[in-house]
Amino acid sequence: MMEDIKRLIEDALFDVRPYVEYYDELRKLVESLLGECPDVESLMEKLEEKAATEGEPFKTDIKILLQRLEASF
């Protein structure tokens, strides 16, 4: 199950890379949150919480990733 989540996240990160400004930071954020998130839905909730506290343009990067993850369902 966890491998499926990681594959989904990797695919999403790959797809959004051309559109985000802070890709490395976004990847680090996702990797740090994955440990406390048993599924993609909980990861998306954590990302939404993080987006609410971040400034631009990183907030937009998180939202781009969230849109891509939502499209996966």
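In this predicted model, proline 57 lies in the loop that links α3 (40–53) to α4 (58–70). The peptide bond between glutamate 56 and proline 57 is cis, with omega at about 5°. The protein as a whole contains four helices and zero strands.

- Along the sequence, the elements follow the pattern α-α-α-α.
- As a general rule, most peptide bonds are trans.

**Dimensions and packing**
- The radius of gyration is 11 Å, which agrees with the value near 11 Å for a compact globule of 73 residues.
- Taken along the principal axes, the C-alpha atoms fill a box of roughly 35 × 25 × 20 Å.
- Of the 73 residues in the protein, 37% are buried, where buried means under 20% relative accessible area.
- Among contacts with a separation of 6 or more, 58% are between residues 24 or more positions apart.

**Surface and charge**
- The protein carries 10 positive and 19 negative charges.
- The mean position of the positive charges and that of the negative charges are 3 Å apart.

Conventions. Residues numbered from 1 in each chain as written. Predicted model: local features only at pLDDT ≥ 70, side-chain atom pairs only at ≥ 80, totals over all residues. Heavy atoms only, no water. Helix = DSSP H or I, 4+ residues; strand = E, 2+ residues; numbered from the N terminus. Rg over C-alpha atoms; globule rule 2.2 N^0.38 Å. Buried < 20%, exposed > 50% of the residue type's maximum accessible area, 1.4 Å probe, protein only. Contact = heavy atoms within 4.5 Å. Lys, Arg positive; Asp, Glu negative; His and termini not counted. Charge placed at Lys NZ, Arg CZ, Asp CG, Glu CD.
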